[in-house]
Amino acid sequence: MKNAADSYFSLLQGFINSLDESTQESKLRYIQNFKWTDTLQGQVPSAQQDAVFELISMAFNVALWYTKYASRLAGKENITEDEAKEVHRSLKIAAGIFKHLKESHIPKLITPAEKGRDLEARLIEAYIIQCQAEAQEVTIARAIELKHAPGLIAALAYETANFYQKADHTLSSLEPAYSAKWRKYLHLKMCFYTAYAYCYHGQTLLASDKCGEAIRSLQEAEKFYAKAEALCKEYGETKGPGPTVKPSGHLFFRKLGNLVKNTLEKCQRENGFIYFQKIPMEAPQLELKANYGLVEPVPFEFPPTSAHWTPETLAAFDLTKRPKDDSTKPKPEEEVKPVKEPGIKPQKDTGCSIS
């Protein structure tokens with residue numbers, strides 16, 4: 001996948017950059033009209049007569065491929081440690097590609113992306129944040145499996161909940177017709193990981209003999225878990241682009257419900273027999289900062305211009321023979337049929353909303 005994509009990117013560079021590596025652009029940059037559909041806008045494509053638009057759109061879809069690859073691996077019945085690492089790595093690579101496009105290439109477009117289109121700043125930012133959040137979910141699962149300190153797990157869960165909240169806020173000004181479903185998913189994930197944070201924070205408080213505060217923290221975890229359950233139902237009933245997943249059916253989701261219930265009951269028993277502490281009215285403030293396990297996007301750069309581009313190759317293009325009717329705007333009724341994706345779908349529902 002990487003080799004094929006790099007070969008195409010390398011070839012495209014010749015349509016964008018001059019061969020002498022000066023700041024001047026290639027005379028071929030605007031020679032061809034390119035059309036791409038968008039994830040939230042159905043099958044009516046965006047179009048621009050600009051090779052930079054093609055480069056960005058292709059890279060955007062490579063990033064989406066990495067999210068689909070991660071989703072496919074995560075959907076296996078018995079995922080191995082190496083496969084979990086690959087899921088983690090793929091999501092970080094995707095985040096890095098989205099970040100590079102947003103910072104270095106989308107600003108170069110002559111025609112800015114329309115509202116709600118994939119290359120629009122709000123959507124790109126949401127993709128970056130969500131890739132980081134979903135990669136961090138792998139970190140949390142690993143930390144729980146290896147029985148790391150509850151304080152670290154609580155901090156990671158809190159940071160992940162903040163990622164989902166930030167992504168949701170990024171999409172808040174988009175039209176509900178195509179963003180409501182995505183935002184509902186982000187909101188339920190925020191509630192879910194906030195419940196995780198309060199649950200493990202409660203364990204930390206109990207270990208410090210603060211049983212009353214631990215009970216209050218677990219009560220807050222119970223409240224956020226109930227919110228997440230309710231949002232799962234709402235999400236399933238919300239119409240919008242993209243597949244509908246069922247997070248509430250996942251073992252990871254159900255395990256948290258039992259963990260919150262059992263830990264709360266344990267704290268209440270301990271308080272009744274040993275501590276006799278008053279339960280605070282206010283929930284403890286989560287001011288948790290994880291020092292380990294935070295996900296950063298993998299830096300991405302496009303490969304250099306292909307060696308096939310020479311002065312002779314460039315001179316062979318005759319711009320006078322370009323079609324005259326090469327309009328950059330698609331007709332209103334023009335639609336592009338979806339491309340089949342054989343073998344990319346996960347074997348079971350993974351809860352990943354990007355793919």
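Angles under 35 degrees count as roughly parallel, over 145 as roughly antiparallel, 65 to 115 as roughly perpendicular and the rest as oblique. This is a predicted model, in which local features need pLDDT of at least 70, side-chain atom pairs count only at pLDDT 80 or more, and totals for chains, interfaces and linings use all residues. Residues are numbered from 1 along each chain as its sequence is written, and side-chain values use heavy atoms, leaving out hydrogens and water.

**View 1. Helix α4 against helix α5.** Helix α4 spans residues 121–145 and helix α5 residues 150–170. Their axes come within 9 Å and cross at roughly 160°, so α4 and α5 are roughly antiparallel to each other. Axes are lines fitted to C-alpha atoms, for helices over the stretch in contact, and angles run from 0 to 180 degrees between N-to-C directions. The contact of α4 with α5 has 12 nonpolar, 6 polar and 6 charged residues.

**View 2. Helix α6 against helix α7.** Helix α6 (residues 176–207) packs on helix α7 (residues 211–237) at about 160°, with axes 8 Å apart. That makes α6 roughly antiparallel to α7. Their contact divides into 19 nonpolar, 6 polar and 6 charged residues.

View 3. For C267, the nearest cysteine sulfur is that of C211, 5.1 Å away. C267 is buried too, at 0% relative accessibility.

Notes
Helices (H or I, at least four residues) and strands (E, at least two) are DSSP runs, numbered from the N terminus. Ala, Val, Leu, Ile, Met, Phe, Trp, Tyr, Cys and Pro count as nonpolar, Asp, Glu, Lys and Arg as charged, and the others, Gly among them, as polar. A disulfide is a pair of cysteine sulfur atoms within 2.5 Å. Buried means under 20% relative accessible area, exposed over 50%, partly exposed in between (1.4 Å probe, protein chains only).
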